[in-house]
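Dear colleague,

Please find below the structure that I am handing over to you. My notes on what was found in it follow directly after.

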Amino acid sequence: MRLLLVEDDPRTADYIVRGLTEAGHVCDLLRDGHDGLFAATRDAYDVIVADRMVPGLDGLSMIKAVRAAGIRTPAIFLTSIGGVDDRVEGLEAGGDDYLVKPFAFSELLARIHALGRRPAAQEQKTALRVADLEMDLIQRRVTRQGQPIDLQPREFSLLEVLMRGEGRVITRTMLLERVWDFHFDPKTSVVETHISRLRAKVDRPFDVPLIHTVRNTGYSLHVPA
Amino acid sequence: MSGTRLSLARSTPFRLALTFAFLFVLAFILSGAIVYQLMSDDLSRRLDESIKETYSVVAVTYAESDREDLISTVNDHAQLNADKEQLFSLTDQNGNRLAGNFTASDLPDGFSMFAVRLPGVPPDTMYRAYTGEVGDKNLTVAFSMSDTEELENIVLMSFGWGTLFITGLAVAGGALLASRVQRRLDGIASTMVDVSHGRLDARIPLIGNGDDIDAVSGQVNAALERLSALVDGMREVSANIAHDLKTPLNRLQMILESAADKTVSGEDVSGELTDARAESQQINSTFDALLRIAQIEAGARRARFVDLDVGPVVETIGEVYADVAEDDGKSLSTKVVPDTKWYIHGDRDLLMQMLANLVENALRHCPPGTAIELSVTSGGSHVLIHVSDNGPGIPAEERENVFRRLYRLDTSRTTPGSGLGLSLVKAVADLHGAAIVLEDRNPGLGVTVSFPALKPA
């Protein structure tokens, strides 16, 4: 993917660029909001990663301007403000996701992947399928090897998020946000508990496990390599 | 700073008193002037009437008889007035006196005023005269104005003394009142000086009569109370940060040093790196929680409040944590009456976090086997959310403390947690105007958060 990073702190920028390059992406780094706006409107990027506090034009205004120019490139805000209103402000300005510093690189990467592969116009899928696991989104039914699996509504959402991100890492925080609408970090094993319940229903009765733990980061649903 | 005691002349109350005294005296003088003018006009009119009357009495004798009678009447009148209080003059057309006790010369017909030097009369005595023609002669009747003037002088004098007395009274009274107010203002000023010098326990003395200064002083005292509570809180937080953040920072440093040592000897350090990461995450989450609480307390979030039903929020939390509790050997049950709505004005995200923190707090501090219960009830104008357990509870004397930042019961210092969970609960409740009540359930702890209801349920 071709990524645009607008970040003025050299060490953070270096860390991100190195990580993204290692992950096989091309990353353009700019240190100023005005330059970022110019680049974002001139070149086609897959994802924009913007720090909220950069010189020139701040990240929030930059993304607003990009959106005003009719460019729909997905954007992630990086913020060290960590404020309770940051998420809402970021999303209102036209951002698609936000991440509070300090963050784990794996978290950023997972979010970039989730945004970058999101189809441009969210096509209306009626069914999801990974190997022998099938999910009917209309009837809200799940079957594996043709056997129906009985899931609680929240377990269904959890599995849906994992299946939509097939093969990608979905972090613990992403699951909390997308499945439970938790925008804070619970101190108990909420995610672990529910994943283990889901595994008991989806994986345990069958030979091949599909839900995999990615150490220190999150989970991924795919056919084992 | 203590030299800022204002001089009396520059004090607002004294200036006010002076202004009012000035206005009062001005009004007094003005009304006095009007009274004086009216009185003086009235006296002149009465004088004119008596002159005219006397003139008529004299003049009528001529009309009834003749010249000789007139002369003798004038002379009679003149002789009756040896003190020259009243003057009479009868002159022929050439101005020669025919009768009377003075010679009127060049006086116009009708009323006029003149001063005349006469033996036995104080100089400059003013006379009021009426002149008219009686046949071919001029008759003038003049009355001295000294009585009128004397009366006017008496009024003027008493008026002047009155003004002086009132001015003195107003200034003295004003100064007295002003100095009393000033003393209280000085009290406020010196309290503020004390506060600015760091004596946050200084309070403005109240008189207790409930006047405006007392009311303002009371408000200032309340603000000082809050300020000193905040500063105490800050001090405590600083001390706790020093302890609770320095401990993991120390550990982090030790881990890194050990990793550095191991690297030198070529050993594997992945264990140390994992530990270091966990420590730094812990430090970060503590900072995050502190920041979040500060931002919630700042209140900007209130602008995003919407009308919402707390029922689904409580149900969601109950649903999320029921399995977590079960895995932990505890139980969590949720009691929300179906098809009932509990509307409040609030922020869903913050309410979720508040409830999550309360439930997690119960999960963390209760032994296995504990039953935790989550419910919503309606209490008149309030929506009550209850989180109760049958665990060890919190000692009564500690109940206020648990909401303080970074505060942890000694018994829980060793269990994980930042000591910020309940502070955040309190911050969210305060933002919503909700009260939190902790009660002993013998055994266990009952937490009730009561939100102002939007509509009576």
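Strand β6 (residues 127-130) of chain A pairs with β7(A) in the antiparallel sense over four bridges. Strands here are DSSP runs of E of at least two residues, helices are DSSP runs of H or I of at least four residues, and both are numbered from the N terminus. Two strands count as paired if DSSP finds at least two bridges between them.

Before going further, please note that this is a predicted model, in which local features need pLDDT of at least 70 and side-chain atom pairs count only at pLDDT 80 or more, while totals for chains, interfaces and linings use all residues. Residues are numbered from 1 along each chain as its sequence is written, and chains are lettered from A and ligands numbered from 1 in the order in which they are written.

Strand β8 (residues 141-144) of chain A runs antiparallel to β7(A), and four bridges join the two. Four residues lie between β7(A) and β8(A) in their hairpin, and A:Arg140 in the turn has a positive phi of about 55°.

In a regular strand the side chains alternate between the two faces of the sheet. In β7(A), A:Leu133 and A:Met135 make up the covered face, whereas A:Glu134 and A:Asp136 make up the uncovered one.

A:Met135 belongs to β7 (residues 133-136) of chain A. A:Met135 counts as buried because it has 23 C-beta neighbours inside 10 Å. A residue is buried if 20 or more other C-beta atoms lie within 10 Å of its own, exposed if 12 or fewer, and partly exposed in between, with C-beta atoms placed from the backbone. Leaving aside residues up to four places away in sequence, A:Met135 touches A:Ala127, A:Leu128, A:Val142, A:Leu159, A:Glu160 and A:Met163. Contact requires C-beta atoms, placed from the backbone, to lie within 7 Å.

**The rest of chain A**

Chain A has eight helices and twelve strands, and buried residues make up 38% of its 225 residues. Five of its strands form an open sheet with parallel pairing, in the order β2-β1-β3-β4-β5. At the edges stand β2 (26-30) and β5 (97-100) of chain A, each with a single partner strand, so one side of each has no neighbour in the sheet. From one strand to the next, the twist averages 20°. Axes are lines fitted to C-alpha atoms, for helices over the stretch in contact, and angles run from 0 to 180 degrees between N-to-C directions.

Inside this sheet, β1 (residues 2-6) and β3 (residues 47-51) of chain A pair in the parallel sense over four bridges, and A:Leu3 stands opposite A:Val47 in β3(A). Helix α1 (residues 10-22) of chain A lies across β1 and β2 of chain A and runs at about 165° to β2(A). Helix α3 (residues 59-68) of chain A lies across β1, β3 and β4 (75-79) of chain A, at about 150° to β3(A).

The axes of helix α6 (residues 153-164) of chain A and α8(A) come within 10 Å and cross at roughly 85°. The two helices α6(A) and α8(A) are therefore roughly perpendicular to each other, a term that covers angles of 65 to 115 degrees, with under 35 roughly parallel, over 145 roughly antiparallel and the rest oblique. In this contact A:Glu155, A:Leu158 and A:Leu159 of α6(A) meet A:His194, A:Arg197, A:Leu198 and A:Val202 of α8(A).

**Chain B and the interface**

Chain B also comes to eight helices and twelve strands, and 25% of its 457 residues count as buried. An unreviewed UniProt entry lists residues 16-39 and 154-178 of chain B as "transmembrane region"; UniProt positions are given in the numbering used here, feature names are shortened, and annotations may be inferred rather than shown by experiment. Residues 16-39 of chain B are 100% helix and 0% strand, with end C-alpha atoms 34 Å apart. Residues 154-178 of chain B are likewise 100% helix and 0% strand, and their end C-alpha atoms lie 35 Å apart.

Between the chains, 20 residues of chain A are in contact with 22 residues of chain B. Helix α8 (residues 190-202) of chain A gives the most to the side of chain A that touches chain B, with four residues.

With kind regards

Conventions: Contact = placed C-beta atoms within 7 Å.
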